[in-house]
Amino acid sequence: MALEQTEAEHQAELARPTSSIRDVGLLRRELQDWLTDRLGTAADPVVDNVVIPAANGMSSETIVFDATWLENGERQLHPLVARVAPGETTMPIFPTYDMAAQFRTMRAVSDNSSVPVPTTYWSESDPAALGGPFFVMQRIEGQVPPDVMPYNFGSWVTEATDDERARLQRNTVGVLADLHAIDLSHFDFLGSPPPVAETAMRDHIAAQRTYYEWATTTGPRSPLIERCLDELSRTCPTDGSPTVFSWGDARIGNVMYRNFEPVAVLDWEMASFGPRELDLGWLIFLHRFFEDLTTLAGMPGLPAFLRRDDVAHTYRELSGHTPHDLDFYVFFAAVRQATIMLRVQSRAIHFGQAVVPDNPDEMILHHATLEKMLAGTYWTGIA
């Protein structure tokens, strides 16, 4: 058990950005200067309690801080978060980071649904202030299912009752149903949505292949991922249903909960248009990814949580849409995660944290899962 936990921790550590360590004092002054430009000297903004979380994300940098300024003659406290695009020297996980689009996505979701997202304050395109484009949003208090160690290794999620986890699961699936009901016209800044789900999905497969080619420009190629991409192209479902808005990173680790209800839905950098099943597949697989680790570690995990058929049943109840071909969409999620992990490991090799294995497919933690999915045996014995 300890061996597998150590491996999971190692993978999570490699997923974190490697860049120069910011001087927090300097960062406080930079934020305060920028905020003064935004609000004007009459507001007399003061920035304090700047923190860069140890578990920063593997893409954009997160900066937590408090700011006060004068409003109607009284000083008001604002707990805030800045999300900053990574610099090229950090060997970023993704080729582009459109912070302005994330900002606009959050506003569109907030304005046109009941999905809880933090209040968005400002979007800054000029990298001069913090070293990259960024946006500032409200900081909300709540519980997030941890990635390190994974929540199903032991956390407030495993300590909850079955009824509490069922409530968390239903509420999370409800977020997806609500997102998918938003009129696409509110997201015109994301481009033109493909007319039907199949076209959108084929676009996603093509984009995934493009991302793979980019991710391997500075690292080894993966024959396994290439086989998977070919299989995705070959087996893409026929689907003439309308395209919907897709969160893109639909997993419980991107949701803040209070009393097992979502109070903040986070991380919108993969938002796009696609089939409803795109988000459902990602939600199911990201739990399966952690669940398979608990099995390897000889731990009980949460086998009754976020099960494929249960998620589909709840989504049908809440949306009226019957999910289909979920094995395909879970497979797509697994390939997507594999390509990200390949980039993460290539990044770790670049920074001297790892070495290239003899078999590059072993850079993918769940390579055995992909082999089983290709063989059609992955779901055997899984309820």
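Let's start where helix 7 (residues 223-235) meets helix 11: their axes come within 11 Å and cross at roughly 35°. Axes here are lines fitted to C-alpha atoms, for helices over the stretch in contact, and angles run from 0 to 180 degrees between N-to-C directions. Helices (H or I, at least four residues) and strands (E, at least two) are DSSP runs, numbered from the N terminus. This is a predicted model, in which local features need pLDDT of at least 70 and side-chain atom pairs count only at pLDDT 80 or more, while totals for chains, interfaces and linings use all residues. Residues are numbered from 1 along each chain as its sequence is written, and side-chain values use heavy atoms, with hydrogens and water left out.

Which residues of helix 7 and helix 11 meet? Helix 7 brings Leu224, Arg227, Cys228 and Glu231, and helix 11 brings His367, Leu370, Glu371 and Leu374; contact means heavy atoms within 4.5 Å. These residues divide into four nonpolar, one polar and three charged. In this grouping, Ala, Val, Leu, Ile, Met, Phe, Trp, Tyr, Cys and Pro count as nonpolar, Asp, Glu, Lys and Arg as charged, and the others, Gly among them, as polar.

Now follow helix 11 to another partner. Helix 10 (residues 326-350) and helix 11 (residues 367-375) pack at an angle of about 150°, their axes 10 Å apart. Val330, Phe331, Ala334, Val335 and Ala338 of helix 10 touch Leu370, Met373 and Leu374 of helix 11. This contact has eight nonpolar residues, no polar and no charged.

Helix 6 gives the largest share of the lining, eight residues. By class, the lining has 17 nonpolar, seven polar and four charged residues.

Finally, look at two loops. Most residues other than glycine have a negative phi, and most peptide bonds are trans. Phenylalanine 260, however, has a positive phi of about 65°, and sits between strand 7 (255-258) and strand 8 (261-265). The peptide bond from valine 148 to methionine 149 is cis, with omega near -15°.
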